[in-house]
Amino acid sequence: MSTKEIIKITINLLVIYIAGGILLAGVYAKTSPLIFKANEREKKEALQRMMPEAEKVEKLGDWYPHEKHAEYFVAKKDGQVLGYVVQTFGKGYSSYINILFSVGEDFVIKNMDILKQGETPGLGDEIETKSFKGQFTGKQVDKLKVVKEETKEYVQAITGATISSRAVTEDGVKKGLEFLQGALKGDGSHGNASPAKEH
């Protein structure tokens with residue numbers, strides 16, 4: 001192959017590379033705002049599901065369970081505080097489980113949902129079933145403990161998925177609730193909380 005042919009091929013590859021980069025940048029610029037809006041809409045809907053009776057769910061601040069960014073919120077109706085919504089993460093068998101839960105002013109759990117998880121199909125991913133999530137409603141912090149036998153006092157582990165069950169219950173929701181109680185008391189030792197910035 002001659003030097004002229006090598007230069008020609010190099011120039012052609014360079015042109016293709018630049019054109020591809022411009023195309024990708026254009027696609028990103030076009031889709032990025034749409035993805036952001038879709039994520040914001042999903043987040044708003046998820047927060048409303050946690051506290052359906054609330055008129056407003058306002059961000060209180062950020063915290064970082066397992067060094068992952070999470071947020072916590074206050075839910076209000078007619079200017080009165082109804083309770084709080086906390087995002088948290090639990091370290092599962094094969095993923096960090098993204099969790100959202102709500103409590104009343106008495107810190108009793110109202111709702112809990114799994115936002116994202118990558119646990120083992122057919123075992124760990126059973127944490128998304130209604131029967132598992134429904135166990136959290138009405139629980140106080142001292143009852144957020146996983147046991148293997150049948151129970152109504154605590155949280156019953158999913159058969160074959162004790163690690164995932166504990167990740168949600170003890171590492172995720174319980175620590176999230178302890179964080180919230182500490183943050184509302186102004187205790188900065190729980191999860192490196194930071195207040196919401198003014199917009």
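Student: What makes up the accessible surface of the protein chain?

Tutor: It comes to about 12,400 Å², and 55% of that belongs to carbon and sulfur atoms. The areas come from the Shrake-Rupley method with a 1.4 Å probe; for residues, only the protein chains shown count as cover. This is a predicted model: local features need pLDDT of at least 70, side-chain atom pairs pLDDT 80 or more, while totals for chains, interfaces and linings use all residues. Residues are numbered from 1 along each chain as its sequence is written, and side-chain values use heavy atoms, without hydrogens and water.

Student: Why is L13 called exposed?

Tutor: Exposed means over 50% relative accessible area, buried under 20%, partly exposed in between (1.4 Å probe, protein chains only). L13 has 55% relative accessibility, so it counts as exposed.

Student: Where is L13 found?

Tutor: In helix α1, residues 3–50. Helices are DSSP runs of H or I, at least four residues; strands are runs of E, at least two; both are numbered from the N terminus.

Student: What makes a nonpolar core?

Tutor: Buried Ala, Val, Leu, Ile, Met, Phe, Trp, Tyr and Cys residues, joined through side-chain atoms within 4.5 Å. The largest has 27 residues, and M112, F136, V168 and V173 have the most contacts inside it. Helix α3 gives the most to this core, with 6 residues.

Student: How much of the protein chain is buried?

Tutor: Buried residues make up 34% of its 199 residues.
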